[in-house]
Amino acid sequence: MRLSRYFLPVLKDTPREAQIVSHRYMLQAGMIKQASAGIYSWLPLGFKVLRKIENIVHEEQERAGHIAIQMPTIQSADLWRESGRYDAYGEEMLRIKDRGGRDMLFTPTAEELVTDIFRAHVTSYKDLPLTLYQIQWKFRDEVRPRFGVMRGREFYMKDGYNFDLTKEDALHAYNRHLVSYLRTYERMGLQAIPMRADSGPIGGDDTHEFLVLADTGESEVFYDSEITDLKFGDRQIDYDDHAACQAVLEEFTSRYARTDETHDEALFEAIPEERKRTARGIEVGQIFYFGTKYSESMGALVDDGQGNKVPVHMGSHGIGVSRLLGAIIEASHDDKGIIWPEGVTPFHCGILNMRQGDEAADAACEALYASLTALGLEPLYDDRDERAGAKFGTMDMIGLPWRITVGPRGLKNGVVELTSRRTGESEELPPEEAVAKIAKIYEGIA
C-alpha cells in the first residue's frame with residue numbers, strides 16, 4: 001500500500017477523552033473513530049489488525065478441531081426464558097421488540113442459541129464430542145463504557161461451545177481450549193496468564209480467565225512470579241491426547257494466580273515472599289465448564305448407547321478479539337506510539353522515502369516495494385510529499401515493527417537503513433539484503 005492512496009487519518013493532538021494509552025494511540029493512529037459511547041467505527045488500519053487477530057484465532061481453533069459457524073446477533077427472548085437467564089442477566093442485556101411485539105435481544109453471549117442448534121440436530125453419543133464456535137459482534141450495555149475498545153459496549157468476540165457425553169470428556173475440552181488459547185496469545189506476542197476466576201452470569205464452577213499484565217488493567221491480580229517464566233513455545237500437542245492436554249493445564253495452573261474476585265489470602269501467603277506479586281491485569285479471554293446447566297433446562301439430550309437419554313456436558317470459551325488490540329498496545333508501546341508484534345502488524349514493514357521526487361530515491365523505493373510485494377509481504381510505502389520529520393512521526397505512531405529508510409546520501413554508498421521499531425537499532429544494508437532480512441524475519445509468520 002502507498003500511503004498517498006491510503007486512508008490514515010492520523011491525529012496530531014492528544015484526544016481529551018482518551019484516559020489510557022491504547023485508547024489514545026488507537027485514535028491518534030487513525031485506527032478507530034467513536035460513533036457513540038462505547039461504540040466505534042473501525043478504520044482501515046484498525047480493521048486490518050482486527051482481521052490479523054481474527055485469523056490467528058480461527059487458525060488455532062481449527063488446529064484444535066473446533067468447527068466455525070455463524071449465529072445471528074439478534075436472538076429470541078424465548079430461548080433465554082427456557083434457560084432462566086432472561087430476567088437474571090441484568091441491564092447489560094439490550095432488550096428490544098420486533099414489529100410483531102415479540103421480545104428480542106442483541107446477543108451478549110450465545111449459550112442458549114447454540115444449545116438450540118445442538119438439540120435440533122444431535123441425538124446420539126456417536127456425534128460427540130463436538131465443539132462449535134463463532135467470531136461475531138456482541139453488545140453489552142455497560143453502565144460506564146470507557147478505555148476505548150477495552151471496555152466498549154459493542155465488541156468483537158470469539159465464543160465457542162463444547163458438547164460432550166461425560167464430565168471427563170468435557171473437562172478434556174476445557175483443557176484443549178486452554179492449550180489452544182496459550183498458542184493463540186503467544187502468536188500475538190502476548191503472555192496471557194490463566195488465572196482462577198469467577199464465572200459470573202455464565203455459571204459453572206470451573207473457569208479460568210486469561211490476563212495480560214498491564215498497569216492499566218481493570219483487575220487486581222495476585223500470582224506466583226514463577227508463572228511468568230512459563231512459555232508454551234513451538235511444542236506440538238495432540239489435542240486428542242487427554243494426558244498431554246492435562247499436563248499443560250497442570251503446568252500453567254498449578255502455581256498461584258488469581259483475580260481479586262477469587263483471591264485466597266491464606267494460599268497467597270504460602271508462596272515464598274520473593275515470588276509473591278500483586279499487579280493489574282487485562283482480561284483477554286475466559287474458559288468455562290458448567291456441566292448440564294443449559295442442556296438440562298433446554299432439553300439437549302442424547303442417547304448414551306445404553307438406551308438412556310442424558311443431558312450433554314457443556315462449556316463455553318471466549319476470546320475478546322477487539323479487546324486484544326487494546327491489550328497488545330498496552331503491553332507494547334513507548335512514548336512515540338504503538339509497537340506491533342510481527343504476528344499482528346498491519347503491514348510487515350514501512351518504506352520511508354527521505355527525498356520524494358529525487359530520481360534515485362524514488363526508483364530505489366519502488367524497487368523495494370516491488371521486491372517485498374513479490375515475496376508475499378505487505379509494505380507500507382510513505383510516498384507523500386512531506387518533510388522527513390512528519391514521515392518518521394507517522395511511522396513511529398502506527399508502530400510497524402520494521403522500517404526501511406531510503407535517502408540520496410545512503411544510496412550513493414549503495415545502502416538503505418533498516419530499523420527495528422522495538423529496539424530503535426539501525427543498520428545499513430544493500431537494498432536486496434534488507435529485503436532478504438525482512439523476508440527471513442517473517443518466515444512462518446506472514
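Q: What share of the contacts with a separation of 6 or more comes from residues 24 or more positions apart?
A: In this predicted model, residues 24 or more positions apart account for 71% of the protein's contacts with a separation of 6 or more.

Q: How does the radius of gyration of the protein agree with that of a compact globule?
A: The value is set beside a rule based on the number of residues. For 446 residues a compact globule would be near 22 Å, and the protein has 24 Å, which agrees. The C-alpha trace spans about 80 × 60 × 45 Å along the principal axes.

Q: What percentage of the residues is buried?
A: Buried residues make up 53% of the 446. The accessible surface comes to about 19700 Å², with 47% of that area belonging to carbon and sulfur atoms.

Q: How many helices and strands does the protein have?
A: There are 13 helices and 23 strands.

Q: In what order do the three strands of the open sheet lie?
A: The order is β4-β6-β5, with antiparallel pairing. At the edges are β4 (74–76) and β5 (94–97), each of which pairs on one side only. Neighbouring strands in this sheet are turned by 40 degrees against each other on average, direction ignored. Between β5 and β6 (residues 103–106) there are four bridges, and L94 has F106 in β6 as its bridge partner.

Q: Is R153 buried or exposed?
A: Buried means under 20% relative accessible area. R153 has 18%, so R153 counts as buried. This residue lies in the loop between β7 (130–139) and β8 (154–164).

Q: Which side chain does R153 join in a polar contact?
A: The side chain of R153 makes a polar contact of 3.0 Å with that of D141. Beyond its neighbours within four places in sequence, R153 is in contact with residues including S36, I39, F139 and P145.

How values were computed. Residues numbered from 1 in each chain as written. Predicted model: local features only at pLDDT ≥ 70, side-chain atom pairs only at ≥ 80, totals over all residues. Heavy atoms only, no water. Pairing = 2+ DSSP bridges. Helix = DSSP H or I, 4+ residues; strand = E, 2+ residues; numbered from the N terminus. Axes fitted to C-alpha atoms, helices over the stretch in contact; angles between N-to-C directions. Buried < 20%, exposed > 50% of the residue type's maximum accessible area, 1.4 Å probe, protein only. Polar contact = N/O pair within 3.5 Å; in protein donor to acceptor, adjacent residues only side chain to side chain. Contact = heavy atoms within 4.5 Å. Rg over C-alpha atoms; globule rule 2.2 N^0.38 Å. Areas by Shrake-Rupley, 256 points an atom, 1.4 Å probe, with all protein chains shown as cover.
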